[in-house]
Amino acid sequence: MNPFPTICSILAEILDLDPAEITPETYVIRTLKAESIDLLEIGVAMQHRLGIAVDDDLLFLKNVRIILNRAGRDNVDALSALKSEYPYLSEPRVQEILDDLPAGPVLQVRDLVAYAQGFPAATAGH
Amino acid sequence: MKLDFRGKTVLILGGGCSIGLALTNLLLEEGLAVTATHASEDGKAAISRRFPELAGKSPWLDLGDKASQTSLAPLLESGVDYLVDLAHADHEVLLAAAGETDMDAYFQAHVANRLLLLKAVTRSMLARRFGRLVHLSSTAAAMPAPGQGFYGATKRAAEGLYQSLALELGPRGISSLSLRLGLVDAGRGERFLDKTDRRQDLSQKIVTVEQAAGTLLFLLSDQALALTCTTITMDAGLTAQKYA
């Protein structure tokens with residue numbers, strides 16, 4: 001099942017938006033202006049409505065800069081480090097994230113979708 | 001005054017203690033659904049003896065054992081409206097004499113594991129945009145007796161957690177407060193009174209179990225929802241004077 005419509009509905013309700021404004025490429029923080037309390041509520045709603053286990057740090061790509069700093073310190077390739085941490089994201093998407101990082105928070109709606117599709121309850125952390 | 005309750009389900013941590021049992025009785029009279037946890041066989045037996053209808057329905061929850069929190073998963077999945085936190089183990093030791101293992105275990109249980117539990121409970125509440133947290137604290141949080149360093153410090157830390165949760169989640173319908181009780185003629189307070197034979201001269205400073213339970217009931221009610229992000233004291237004036 002494609003979780004995009006459910007995620008759209010969740011974002012629209014919590015952020016008081018028209019769902020038609022939301023596309024897979026919409027930035028959750030940069031464009032929709034989601035704040036930390038909104039992200040918390042989005043994570044809880046995804047957990048309940050999609051029946052998935054949610055790790056907020058992973059779902060919202062909260063530790064990207066920390067991972068990159070650690071990779072730099074340990075002489076690990078940045079792409080490999082992010083791919084290892086976020087295995088549910090495709091390699092092209094991880095590369096986009098690296099290129100896009102200087103412009104601000106990179107999280108897009110499609111990343112939430114990828115998490116929901118790639119992280120079944122049995123493997124995601126609480 | 002008739003109290004109103006917009007929620008239906010109550011989770012009491014440490015429900016086998018005297019105050020937990022008295023509060024459960026009041027909540028059941030109000031028509032609320034109560035789940036009272038126990039950390040010991042004595043607590044479990046006390047709940048079953050007093051409330052046969054709750055026999056076999058009391059989850060085991062020991063703050064010192066993180067794995068025991070999984071027993072609450074079904075309740076949190078179905079949703080909980082109120083949390084009353086009475087869970088706190090006593091541990092008297094002079095701080096300068098405390099063992100490292102004791103330190104780690106006590107603070108892990110009463111601060112970190114408590115926060116882990118609160119995280120799960122508030123996430124359950126967030127899904128329905130309503131929740132009320134009431135934490136039973138102690139005047140020892142501000143005025144510990146010698147030997148109560150662990151207890152007082154972790155009570156104070158817990159008060160901080162409850163205050164911050166209310167601050168952060170208030171906009172989403174979750175409120176929270178701590179109630180500091182003074183000398184209660186139950187549990188460790190009863191042991192103190194018996195041991196020191198001070199029941200007579202402290203008789204005016206004792207909070208009864210019924211008073212404590214009745215106050216907790218009020219604090220859970222809709223009428224008390226504006227009492228949030230704060231800590232209040234109920235100690236019959238015990239800590240108000242300079243010299244006892």
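This is a predicted model: local features need pLDDT of at least 70, side-chain atom pairs count only at pLDDT 80 or more; totals for chains, interfaces and linings use all residues.

Biologist: How many residues of strand S4 of chain B are buried?

Modeller: Strand S4 of chain B, residues 131-138, is mostly covered, with eight of its eight residues buried.

Biologist: Which strands are joined to S4(B) by bridges, and how do they run?

Modeller: Pairing is read from the bridges between strands. Strand S3 of chain B, residues 82-85, is joined to S4(B) by four bridges, and the two run parallel. One of the pairs to look for is B:Tyr82, whose bridge partner in S4(B) is B:Arg132. S4(B) is also joined by eight bridges to strand S5 of chain B, residues 174-181, and this pair too is parallel. Here B:Leu136 stands opposite B:Leu179 in S5(B).

Biologist: Through which helix does the chain cross from S4(B) to S5(B), and what is the hand of the crossover?

Modeller: One follows the path from strand to helix to strand. From S4(B) the chain passes through helix H5 of chain B, residues 149-169, to reach S5(B), and this β-α-β crossover is right-handed. A right-handed β-α-β unit is also made by S3(B), helix H4 of chain B (residues 100-126) and S4(B).

Biologist: Let us turn to a single residue. Is B:Val207 buried or exposed, and why?

Modeller: Burial is judged by counting neighbours, and 20 or more C-beta atoms within 10 Å is the cut-off. B:Val207 counts as buried because it has 20 C-beta neighbours inside 10 Å. The residue lies in strand S7 of chain B, residues 206-207.

Biologist: Which residues does B:Val207 touch, beyond those up to four places away in sequence?

Modeller: Its contacts are B:Leu181, B:Gly182, B:Leu183, B:Val184, B:Ala212, B:Met234, B:Asp235 and B:Ala236, with residues up to four places away in sequence not counted. For a reading of distance, B:Val207 and B:Pro146 are 61 residues apart in sequence and 22 Å apart in space, C-alpha to C-alpha.

Biologist: How many helices and strands does chain A have?

Modeller: Chain A has seven helices and zero strands. Along the sequence its pattern is α-α-α-α-α-α-α. Its radius of gyration is 14 Å, close to the 14 Å that the globule rule gives for 126 residues, so chain A is as compact as a globular protein of that length. Its C-alpha atoms fill a box of roughly 45 × 35 × 25 Å along the principal axes.

Biologist: What share of the residues of chain A count as buried?

Modeller: Of its 126 residues, 28% count as buried. Among contacts in chain A with a separation of 6 or more, 60% come from residues 24 or more positions apart.

Biologist: Which residues of chain B does A:Val44 touch?

Modeller: A:Val44 touches B:Arg123, B:Leu126 and B:Ala127. A:Val44 lies in helix H2 of chain A, residues 36-50, and counts as buried because it has 22 C-beta neighbours inside 10 Å. Eleven residues along the chain separate A:Val44 and A:Asp55, and their C-alpha atoms are 9.9 Å apart.

Terms used: Residues are numbered from 1 along each chain as its sequence is written. Chains are lettered from A and ligands numbered from 1 in the order in which they are written. A residue is buried if 20 or more other C-beta atoms lie within 10 Å of its own, exposed if 12 or fewer, and partly exposed in between; C-beta atoms are placed from the backbone. Two residues are in contact if their C-beta atoms, placed from the backbone, lie within 7 Å. The radius of gyration is taken over C-alpha atoms; the globule rule is 2.2 Å times the number of residues to the power 0.38. Two strands pair if DSSP finds at least two bridges between them. A crossover is right-handed if, with the strands pointing away from the viewer, the path from the first strand over the helix to the second runs clockwise.
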